[in-house]
Amino acid sequence: MNAAEPKTLSLYIDGEYRPPAGGAYFDNHYPYTGEVESRVPRGTAEDVNKAVAAADRAFREGPWATMTATKRGKILHAIGDIIAAHAEELATLEVRDNGKLMGEMHGQMKYLPEWFYYYGGLADKIEGAVTPAEREGMFHYITHEPQGVVAAIAPWNSPLLLVAWKLAPALAAANTIVAKPSEFSPSSMLRLAELMVEAGLPKGVVNVVTGYGAEVGAPLVEHPDVARIAFTGGEGGGRAVYKAAAEHFKRVSLELGGKSPNIVFEDADLDDAARGTVAGIFAAAGQTCMAGSRLLVHESVHDVFVEKLIEIVKDAKLGDPMGADTDIGPIATPAQFDKVMHYIDVAREDGATCELGGTAAEGGELGTGRFVHPTIFTGVKNDMRIAQEEVFGPILSIIKFSDEDEAVRLANDIPYGLAAGIWTQDLGRAMTLPKRIRAGSVWVNAYRVVSYMAPFGGFKASGIGRENGKEAIMEYLETKSVFINASRGIPSPFVMSTPGDD
Ligand code: NAD
């Protein structure tokens, strides 16, 4: 794609593309070349009001919430199909926004339909219950009802995947949506909203506002008609969202950052573990929430394992994210690039040893992009900043341990708890260790595996709530108890009825 002429994007409200109320736009750049990719509407509270009004109307007036659950499920299925048919187009939009590799983004787009098939299938399996009567003539049943307008707020690193984790269960549960993609990656969500309507989603059910967190995200979160907030992003935004939600007792889920341990035991298949470790931290240039950025290695295999890692990583090809043979793409944003470079300095100042990388990469086909050489630090102590703080870049910190208890202690000695990897061939260890790790996802002899069927989320500062899996749908539902008195008798007008009264 040639971005010689930057495209001007629009908001998507009530089934139509619309300009922002304030008329302002900002430039979004292709991370690989720095050229202006698009002009993004700088949304404001006024746009939020319109989008929420459309979503609220669609929720209250139907037909979305009033159609049969089976029909809703079929529409979700059709959305999956239309995404599959446009996978390459959507992936290209994402690469141009966030600079991640086409191979990764295309893979995500090809997998994305499964979320809509899975939750489409669940839409008409949201069942209530009837309890045994414990009062004569009293009938009690339990139903699950949609919450209303859901604000779906997403980061730039996997724009549509992370929004689909919210949209698919929320829609299956008959809610309506105002989505707020990252200011750095709005294009794919805007296109998806249009495709969803093409697939049969009634207008107003999914709306999209774009712009900055403080200018459009904050008013969205605070809007009185937004019932539920599903947020994925960093700690600062997460804290602001949680506080705003508390003010109005809104339902909220937060998918936040991590500093995930990847633990290599002396009995591991070291070649597999080395490939898995590299995939865990250097895929997507480390710009993933679940990056295995803290490598804990048993002291007896430490040196040989570091050599294996360097052997795999040293010839990694940095370059054009569209290139089929590129291993590592650019860093997505200028702020993120500065942060990565800053943490390289911090690690050195704190006494870690740089075994590989440690500098920005430039020249040749890297053009004007922001690239960082894959970087490996040894001699890291778990209390160093490079071991405790999320970098979100291609930096691996290696820490030695001497026995299983120490590995568990180091793995858990962190404010985060998003994910962890364990590499071992000992069946007993593989079976018992996951329980001792305080993290929402644990992989044994694998890393960075997600599925629409597998609940995903964080312990501790990595978040609240779970996305994916059957239970995610419950996070978008309210539970109601209904008592129907069929006895035609009220025992006492002044005393609450209890079974003992009978
Ligand atoms: P970010 O927090 O800067 O932004 C995320 C989204 O929130 C953006 O759309 C932004 O505009 C919006 N936002 C920011 N402040 C807001 C506010 N006060 N109110 C409402 N909305 C606001 O995060 P980012 O830099 O885009 O993404 C990187 C972060 O996301 C990392 O910390 C990473 O670990 C995390 N992340 C977590 C997961 C997960 O599933 N746990 C997945 C991917 C990324």
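Predicted model: local features only at pLDDT ≥ 70, side-chain atom pairs only at ≥ 80, totals over all residues.
A residue is termed buried when its relative accessible area is under 20%. Lysine 180 has a relative accessibility of 3%, so this lysine counts as buried. The chain is assigned two domains, domain 1 (7-256 + 462-480) and domain 2 (261-444).

**Domains and their meeting**

- The centres of domain 1 and domain 2, taken over C-alpha atoms, are 31 Å apart.
- In the contact between them, 22 residues of domain 1 meet 29 residues of domain 2.

**Nonpolar cores**

- The largest nonpolar core comprises 128 residues, and those with the most contacts inside it are Phe116, Leu167 and Met189.
- Helix H6 (residues 159-172) contributes the most to this core, namely 11 residues.
- Both domain 1 (7-256 + 462-480) and domain 2 (261-444) supply residues to this core, so the core lies between them.
- Another core, of 24 residues, lies apart from the largest one and includes Ala54, Val149, Val252 and Leu256.
- Phenylalanine 116 is in contact with Leu76, His77, Ile79, Gly80, Ile83, Ala164, Leu167, Ala168 and Met196, when its neighbours within four places in sequence are left aside.

**Buried residues**

- Lysine 180 is placed in strand E9 (residues 176-180).
- Beyond its neighbours within four places in sequence, lysine 180 has contacts that include Ala152, Ile153, Ala154, Val209, Gly211 and Tyr212.
- Gly213, Val216, Gly217 and Leu220 are also among the contacts of lysine 180.
- Phenylalanine 392 occupies the loop between helix H13 (385-388) and strand E19 (395-401).
- With 14% relative accessibility, phenylalanine 392 counts as buried.
- Leaving aside neighbours within four places in sequence, phenylalanine 392 is in contact with Trp156, Asn157, Gly286, Gln287, Thr288, Cys289, Gln336 and Val340.
- The C-alpha atoms of phenylalanine 392 and isoleucine 331 are separated by 9.4 Å, and the two residues are 61 residues apart along the chain.

- A nonpolar patch on the surface is formed by Val130, Phe139 and Ile484, which together have about 260 Å² of accessible area.
- Isoleucine 484 belongs to strand E25 (residues 477-485), and at 38% relative accessibility this isoleucine counts as partly exposed.
- Asparagine 485 also lies in strand E25 and counts as partly exposed, at 32% relative accessibility.
- Not counting residues up to four places away in sequence, asparagine 485 touches Gly137, Met138 and Ile490.
- Between the C-alpha atoms of asparagine 485 and phenylalanine 231 there are 41 Å, with 254 residues separating the two along the chain.

**Backbone features**

- Most residues other than glycine have a negative phi, and most peptide bonds are trans.
- Glycine 62 and proline 63 are joined by a cis peptide bond, with omega about 5°.
- Proline 63 is placed in the loop between helix H1 (45-61) and helix H2 (69-85).
- Alanine 285 has a positive phi, near 50°, and is found in the loop between helix H10 (270-282) and strand E14 (294-298).
- The relative accessibility of alanine 285 is 2%, so this alanine counts as buried.
- Asparagine 445 has a positive phi as well, near 55°, and is placed in the loop between strand E22 (441-444) and strand E23 (459-460).
- At 41% relative accessibility, asparagine 445 counts as partly exposed.

Methods. Residues numbered from 1 in each chain as written. Heavy atoms only, no water. Core = buried A, V, L, I, M, F, W, Y, C linked by side-chain atoms within 4.5 Å. Buried < 20%, exposed > 50% of the residue type's maximum accessible area, 1.4 Å probe, protein only. Helix = DSSP H or I, 4+ residues; strand = E, 2+ residues; numbered from the N terminus. Domains from an automatic or database assignment. Contact = heavy atoms within 4.5 Å. Patch = residues over 30% accessible without salt bridge, like charges linked within 9 Å, V, L, I, M, F, W, Y side chains within 5 Å. Areas by Shrake-Rupley, 256 points an atom, 1.4 Å probe, with all protein chains shown as cover. Salt bridge = Lys/Arg side-chain N within 4 Å of Asp/Glu carboxyl O.
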